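I opened a new entry today. I want to write down what I looked up, step by step.

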Amino acid sequence: MEVLEEVQMSDHDKSLLDYVVMRKSSPSPFLLKTYMLVENPATDDIVSWNSDGSAFVVWQPAEFARDLLPTLFKHSNFSSFVRQLNTYGFRKVTTSRWEFSNDKFKKGKRDLLCDIHRRKAWTNNNNNNNNNNNNNNNNNNNNNNNNNNNNKKDLEEDQSSTSNSSSQYINLVDENKRLKMENGVLNSELSLMKNKCKELIDIVSIFAKSNSEKNEEEKKKKDERPMLFGVRLEVQEEMERKRKRIELNKIANIFISQLCK
């Protein structure tokens, strides 16, 4: 029985080992999906291999993110896709276009995808940081307390600043409304004054015309100017009075018009 159990255990270990080896030899789903997108000839106008098949080019990043990424990935963010490429060791070949290269990512060499692995340098950095943190716990605690206090002060200042800004905005809105109302009132008063000035000008014109007609009638009655063939002759003195009267009427009209502007 002991021999049988030992054999069974060995078979179990072997199956586990085969599973682990198979997992390690399988390429990452991200790499497989990316390879499928590049390899598809129907989308060569958006993404395709370069001329020698050593790298792939995303010709239209916007269409690539909008139309192709959601078909295989759970997002449509081109920046996230580029960050994923960086974690697998891809590098941007040129600055003039979105061309990415990896020594194991080649056209027609899909089997090389198994040799591409995620970078784990960040793990070692985290371990070193943890060791340093363990050696400097006291300093870090003090720094954290200070940072918390500073963050609290900054938060209070931000809240106070936000409150002040909101209050100033409300005051400006109220002031703007008040000025608009006053402007409307002033416009109404200005229109009213213009109408009154117009009425005043009309009254003055009517009065001047009536007064002129009345004076003419009186002059006709008292006119003692000499007549020639039934027509009274204009004398110099009468002509001067008529000219002055016309000038005074013009000056009065101009003065009233300027007052109403």
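**Confidence.** I began with pLDDT, which is the predictor's confidence in each residue, on a scale from 0 to 100. I need it here because this is a predicted model. For the protein, the average pLDDT is 76, and 63% of the residues score at least 70.

**Overall count.** I listed the secondary structure next and got seven helices and six strands. Along the sequence they follow the pattern α-α-β-β-α-α-β-β-α-α-β-β-α. The protein has 261 residues, and 16% of them count as buried. I noted an accessible surface of about 20600 Å², with 53% of it belonging to carbon and sulfur atoms. I also looked at contacts with a separation of 6 or more: residues 24 or more positions apart account for 49% of them.

**The sheet.** In what order do the four strands of the open sheet lie? I read the order as β1-β2-β4-β3, with antiparallel pairing. The edge strands are β1 (47-49) and β3 (91-92), and each of these pairs on one side only.

**β1 with β2.** I went through the pairs one at a time. β1 and β2 are antiparallel and share three bridges. Val 47 stands opposite Val 58 in β2. The two strands form a hairpin with five residues between them. In the turn I found Gly 53, which has a positive phi of about 75°.

**β2 with β4.** This antiparallel pair has four bridges. I looked up two bridge partners in β4. Phe 56 is partnered by Phe 100, and Val 58 is partnered by Trp 98.

**β3 with β4.** Two bridges join β3 to β4 (residues 98-101), and these strands also run antiparallel. Arg 91 stands opposite Ser 101 in β4. A hairpin of five residues connects β3 to β4.

**Side chains on β2.** Which way do the residues of β2 point, and are they buried or exposed? I found Ala 55 and Val 57 pointing one way, and Phe 56 and Val 58 pointing the other way. All of them are buried. The cut-off for buried is under 20% relative accessible area.

**Helices on the sheet.** Helix α2 (residues 29-39) lies across β1 and β2 (55-58), and its direction runs at about 90° to β1. Helix α4 (residues 78-87) packs on the sheet and touches β2 and β4. The direction of α4 makes about 25° with that of β4.

Definitions and conventions
Residues numbered from 1 in each chain as written. Predicted model: local features only at pLDDT ≥ 70, side-chain atom pairs only at ≥ 80, totals over all residues. Heavy atoms only, no water. Pairing = 2+ DSSP bridges. Contact = heavy atoms within 4.5 Å. Axes fitted to C-alpha atoms, helices over the stretch in contact; angles between N-to-C directions. Buried < 20%, exposed > 50% of the residue type's maximum accessible area, 1.4 Å probe, protein only. Areas by Shrake-Rupley, 256 points an atom, 1.4 Å probe, with all protein chains shown as cover.
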